[in-house]
Structure formats: C-alpha cells, structure tokens
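Me: Could you walk me through this structure, one question at a time?

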Amino acid sequence: MPELPEVETIKNDLKEQIIGKRIISVFPLWKEIVKDIPYELFVKQIEGKEIIDVERRAKNLIVRLSGGLNLLVHLKMTGHLFVEDEKSSEISKEGKWLKASSEDLVKDQQNQFIRIIFHLSGGKILAMGDMRKFAYIRLMDDRGLEEFLKNYGPEPLSSGFSAEKLASILKKKNTAIKKVLMDQSLVAGIGNIYADEILWASRVHPLSASSKLQDKDIEAIYENTRKILRLAIKRRGTSTSDFRDTKGLKGTYGDLRNVYQREGMPCPVCGGPVRKIKVGGRGTHFCPRCQKEVK
Ligand SMILES: [Zn+2]
C-alpha cells in the first residue's frame, strides 16, 4: 500500500502537471470507483471545475477544485494516478495503455487496470488505475473534507511535530509500538514498510509496549521517522510491490531498505538474520539481536 512518501511523490507530480487545468469531461471504465454519490451526479458536479491545488493528508490525496469542492483520492492497495498527453496516449476499453509517452506505462503490468479517465484542458489526461478495486474517489465540499480529516493524527513531517508530541502519543498506548505507529488516528501516513524500517533504525522491537518505551527510544523513533520518510520522498517511494509514479516509473527507496521483506537475510548492523513475525495481522520484519522487546 502506498504510504506517506509514495502519496507525497504523487502529490508533487500532480502539482506540477494539473494545477490550473479544467476538468473537461470524465470517462469511466468502472464507475464504482466513485463512492457515496451516483456517478452521473459526480460528473455533473465536477465538469468545468478548475483544479486549484493538490494536497496530501495522511495517505489521502486531495484535489482542490473551484467552487469549494474537493476530490479525496485514496489509493488503498494498488491505486495509481497517471498524467499523460491526450494526443500521445491511448487506453483500451479494458483499461490497458495501448500508447503512452513512456514505455513503462505500456509495458509494466502494474500500470494497467485504468478505471477512470479525466480529460483536462491543455490536452492532458489524468487516469486512475487500480488492480484490486479498493481505491476510491470521494467528492467532498470544504466542510465535509475538514470534518473527515479530523480523524487523522499529526503529520510526522510537519513543523508542529516534535519528540515531545510523539512521546505524549506513545505513552498513552499500551499496545505494540508497531501498531501504534501504523494507527492513522495517532500518527498519519506510516504503514507497514516504513514502520519496520523506522523501528529497526531506532533499535526498538516492534512488539515492545508503546507506553513502556524510554525517552531515548522515543527520540530515536522521532528522528528516524523524519529521516526515513524524507529520504524515501527523495527516492520517490518504495516499489518493492506495485507502487509507480504518474509516469509509471518505480521509486528507489526499496534499494535502501534494511529489514522490510528481507527475512533470513543479514541485518546490516550485526549480521544476524532478519526475522519475520506477525504484528496486528501484518508481516513484520526486525532484527532480534538489535531490537530487544520491552514488555
Ligand atoms: Zn541486527
């Protein structure tokens, strides 16, 4: 699932490519990707609207439209957003790229499964693909959006986030630290990949009780969260699974990962084998020598 760095990468791409454009028309291949309102009403409300801005909150993308409307896009497991020139691209009825500016869009299996196409002014298209069909688009007015976003915890890369703030969150929770880090209502944007990497870098066992962590552990988690998420954004995300950017290209943070999906391989610090366990139902990778459990 795309996490903060992947969604941030898409947001940055979209900001460069679609701001100031108008939605001319919408072409559906799978109408059910639009949730909450009938598809026809959705189209009626957004056609002609201008794209004012693109933002990210937690793992949500927010496309701000003129008239106080917003598209809230969640990529869930396998959602992708692509931007192409209308005249140099073609998508089949089955949602496959027949023609595109980049070879990767046409050839990479992960880039297919287009479900909806937005035709924009300036000859651009914004296409959303999703193999698993969990991704969605919701139309929200400013007030509804504000209300919805209240469900999320602080952004770990925001200036207001601090080790003290993180400590106040972690000390209240008696559950496994990994579950706490991934709880979107407590801290926004961290998922399975980055939780494993952050905890390994901080030498904290994923099952350690959040409330029992020492201040130095929390400081390490804070520093590593910021460092790892920033570096992952710089490397345009992790594509060990299906993540691709708006041109269908892979991110390269996966090359730098230390434990995630490296079961049995040597820990880069101690050389011992990386272990895999389940935490909250999610596959979790850690080094049993470097990360000791605090109960
Ligand atoms: Zn180790």
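Predicted model: local features only at pLDDT ≥ 70, side-chain atom pairs only at ≥ 80, totals over all residues.

Reply: Residues are numbered from 1 along each chain as its sequence is written, and side-chain values use heavy atoms, with hydrogens and water left out.

Me: In which order do the four strands of the open sheet run?
Reply: Strands are DSSP runs of E with at least two residues, helices are runs of H or I with at least four, and both are numbered from the N terminus. Two strands pair if DSSP finds at least two bridges between them. The edges, each pairing on one side only, are E1 (23-28) and E5 (79-85). With antiparallel pairing, the order is E1-E8-E9-E5.

Me: Which residue in E8 stands opposite valine 26?
Reply: E1 and E8 (residues 114-120) are joined by five bridges in the antiparallel sense. Opposite valine 26 stands phenylalanine 118.

Me: Are H5 and H8 parallel or oblique to each other?
Reply: Axes are lines fitted to C-alpha atoms, for helices over the stretch in contact (heavy atoms within 4.5 Å), and angles run from 0 to 180 degrees between N-to-C directions. Those of H5 (residues 163-170) and H8 (residues 215-234) come within 9 Å and cross at roughly 120°. Under 35 degrees counts as roughly parallel, over 145 as roughly antiparallel, 65 to 115 as roughly perpendicular and the rest as oblique. H5 and H8 are therefore oblique.
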